[in-house]
Structure formats: C-alpha cells, structure tokens
Amino acid sequence: MSEKTVDRVAGATPVLLARKIKGLSDRAIAWIFVGPTIFLLLAVNIFPLIWTVNLSFTNFKANRINRVVDYVGFSNYERILNDPDVWLSMQATAHFLFWTIFFQVLIGFTLAWLINKKFKGNDVWTTIIVLPMMLSPAVVGNFWTFLYQPQIGLFNYVIGFLSGKDASSFEMLGSVDLAPWSIVIVDTWMWTPFVMLICLAGLRSIPDYIYEAAEVDRASKLRQFFTITIPMVLPFLMLAVLFRGIENFKMFDLVVQLTGGGPGSTTELASIHLKREAFEKWRTGYSSAIAIILFVTVFGLASIYVKALNKVKER
Amino acid sequence: MSNFFNGLLKLRRGPWEMLATVLIALGVFMLMQPFVLWGFTYSFITTLVGTVMFIIVSHFRE
C-alpha cells in the first residue's frame, strides 16, 4: 500500500523537477526544504532588527523621507537615558508588570488548585474561567471602559455597594491614583486563566503515588502542599511568569483602549511612549533607540529566566 | 567565595553566568527604579554588558 503511495507521489512529480532533484544528496534536499523558512526568518525578524539598530544611530524621520539622514552616534541613547518622561514610562511599566504578575500567579494558581479537585461541573467551570482569555484585547478594553463608567458602570456600582460610597464619586480611568490599578485589574481578569491553565497542567502532571506515599508517611496536607505540590508546579509557574512578563513588558493594545496612556502620562507604558515618539512625533531614530533598549532588556531577562528554568527542571 | 573567584580565573561557566545574571538583574532594576535618575541613565549599559557577557560565557566549559 505504502509502495503504491510512494509510486504515486513520484509519478506526480513533474519530469523536469524530478530530473533536477535526482542526484542531490539528503543534505541538499534538507536545505531546499529548510531554506524558505530561514529566508523568511531573516527577512521578517533579523533584517528589521538590524535595520532598527542602524536607525537608532540616525536622526531619521519616517514622515520626511527625502530629508538628508545624519548619523548622530549615541546621542539618541544619551537623550533617552536622561529623559524624565521615558523614566516615568519605565516606572509605570514596572508597576504594571509587578502587580499583574503577582495577582495572576496568586489567583491563577489558586483557581488551578481548586479546579484540580474533582467535583461536579468541573469542566463547565474551566470553560467559563477560560472565556476572558479568548476575547480580543480591543473587545475587552471597550467592555471594561463601560464597566468603569462612574454613572452606569457595573464595576463602580459593585464597589459602591460594597463600600457604601457613592458609585459616581470615583473614576477608575480618570483618576491619577486609580488609573494604574484599573489596567492591572483588567489585565489580571483577562490573563489569569492563562496562568491557571499552565498551573493546571503542572498539577495534573504530579503522579498520585507521590501523595499516597506522603499519606503513608503521615505527612499533613500542608506539608504535602509545600514539599510536593509547590516544587513540582514551580517549573510551570516560572514558565507562566516568563510568558506573562515578556507579554506585559510590551503591553500596548489593552491599555490604549482603556486609558490611552492617561490621565496625563500615569498609564503611559514603555510601548505606548515608544508609539507616541514613533508615530505622533515622528522621531523614528529616537524611537528606534527606545525599541533597542526594550529589546535588550527583554532579551536579558529571558536569558536569566531560561537558565533558572533549566536549573529547576534538573532538580 | 574562593571557589567563585577560582572559577572566574579559570573561565568556568557557572561563576561567569552568575556574574552576568547579577549584571542583567541590576540593569533591569536600575531601569525601572523610581529613586535616582543616574541609575536609570546607566541602566542600559549595565544590562547590555550583562546580556552580551551571558551570551559569551554560556559557551564556556562547566
């Protein structure tokens, strides 16, 4: 049967092509297959990266392509690294990054631990919890903008009901103090299910006999949790933190939809600042330098993380 | 501690990776801290040195 298929495929190959392929080594054929992928990778990833590095040393403006481009050396980097606005955007990013990862890991792990218990309707609950993650960030942004409305928003109503305050007395998106927390809440709502799924995979990979052995040794539930569950889920948790950390470091769409970086620049994350420099002020060279700084930071963090992950796996 | 310095002198991967990791972490902290502007100014060069060092030393012998 398989011979027939082989013959059929060979027969279907055009004669000219068959003649060309005939006599090629396995290595050459492998290169023919891999070549297009490597070419695409170079064209789509590596070339733009090298071009951005090149642009970061110039005063190029994308809206004035006929203007003479001068090489300005490291002056873009010097200006960025002494710019208080960029510094503020980095602090806003740090606040967003730290609290989203903290809440997502905490709530995601707790949910995974609860879902892992066998109970009726387990699958239905999993589906319901996972729903926010399946929505588009633009939809989520719009949806939460309505929820955060001071007059008609459900979020304000619930908080007002629970705290006894007037629901229209506070504005989540318009207040300098509350806006950074409003984006943390939405990102946590949207991406906690992702962390939960990864933790759930970790929890389900722990064999039952380990817990049975611990029971025989009369280890308490708390002891089992800290000496079996946590260490065995840790590589999965670290992977989730890596994914969410990198994603949130370059977070753009959700925050633009919710606050647009405001009020003032309190929620202007690094990527939003980068977009404003590149496509509102049209300082392409300057914004390329910001992009390179962000890239090096993410690359450095990812290197540490991969190393840590390998060490945990070895244990 | 002396093992660490011996490892550095003998160009072993472990201690050099540790040094690179500390530099990257320090650079990222300096980039995002809200305390001093000079920390932010020198953050990129610290992270860059750490990252390049990490790439190079990960090819050293164990």
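**Entry 1: where the chains touch.** Before anything else, a reminder to myself that this is a predicted model. I began with the contact between the chains, and it takes 18 residues from chain B and 17 residues from chain A. Next I asked which helices of chain B supply at least two residues each to the side that touches chain A. I found α2 (13–32), α3 (37–41) and α4 (43–57). Of these, α2(B) gives the most, with eight residues. I also sorted the chain B side by residue type: eleven are nonpolar, six are polar and one is charged.

Entry 2: I stayed with α2(B) and looked at how helix α1 (residues 2–9) of chain B meets it. Their axes come within 7 Å and cross at roughly 100 degrees. Angles from 65 to 115 degrees count as roughly perpendicular, so I put α1(B) down as roughly perpendicular to α2(B). Which residues meet here? From α1(B) I noted F4(B), G7(B) and L8(B), and from α2(B) I noted G14(B), P15(B) and W16(B). By type, this contact divides into four nonpolar and two polar residues, with no charged ones.

**Entry 3: domains of chain A.** Over to chain A, where I checked the domain assignment. It gives domain 1 as 16–55 and domain 2 as 75–314. I then looked up how far apart their centres lie, and over C-alpha atoms 37 Å separate them.

**Entry 4: a helix pair in chain A.** I picked helix α5 (residues 84–116) and helix α9 (residues 179–204) of chain A. Their axes come within 6 Å and cross at roughly 40 degrees. I would call only angles under 35 degrees roughly parallel, so α5(A) is oblique to α9(A). For the handedness, I wrote down that α5(A) passes α9(A) in a right-handed crossing. The residues of this contact come out as 20 nonpolar, seven polar and two charged.

**Entry 5: M232(A).** Leaving aside neighbours within four places in sequence, I found M232(A) in contact with G202(A) and I206(A). I followed up on G202(A): it is 30 residues away from M232(A) in sequence, yet the two are 7.1 Å apart in space, C-alpha to C-alpha.

**Entry 6: two positive phi values.** Most residues other than glycine have a negative phi, so I jotted down two that go the other way. Phi of R218(A) is near 60 degrees, a positive value. R218(A) is found in the loop between α10 (208–216) and α11 of chain A. With 7 other C-beta atoms within 10 Å, R218(A) is exposed. Phi of W282(A) is positive too, near 55 degrees. Where does W282(A) sit? I found it in the loop between α13 (270–279) and α14 (284–314) of chain A. W282(A) has 14 C-beta neighbours inside 10 Å, so I marked it as partly exposed.

Notes. Residues are numbered from 1 along each chain as its sequence is written. Chains are lettered from A and ligands numbered from 1 in the order in which they are written. This is a predicted model: local features need pLDDT of at least 70, side-chain atom pairs count only at pLDDT 80 or more; totals for chains, interfaces and linings use all residues. Two residues are in contact if their C-beta atoms, placed from the backbone, lie within 7 Å. Helices (H or I, at least four residues) and strands (E, at least two) are DSSP runs, numbered from the N terminus. Ala, Val, Leu, Ile, Met, Phe, Trp, Tyr, Cys and Pro count as nonpolar, Asp, Glu, Lys and Arg as charged, and the others, Gly among them, as polar. Domain bounds come from an automatic or database domain assignment. Axes are lines fitted to C-alpha atoms, for helices over the stretch in contact, and angles run from 0 to 180 degrees between N-to-C directions. Angles under 35 degrees count as roughly parallel, over 145 as roughly antiparallel, 65 to 115 as roughly perpendicular and the rest as oblique. A crossing is left-handed if the near helix is turned anticlockwise from the far one by less than a right angle, and right-handed if clockwise. A residue is buried if 20 or more other C-beta atoms lie within 10 Å of its own, exposed if 12 or fewer, and partly exposed in between; C-beta atoms are placed from the backbone.
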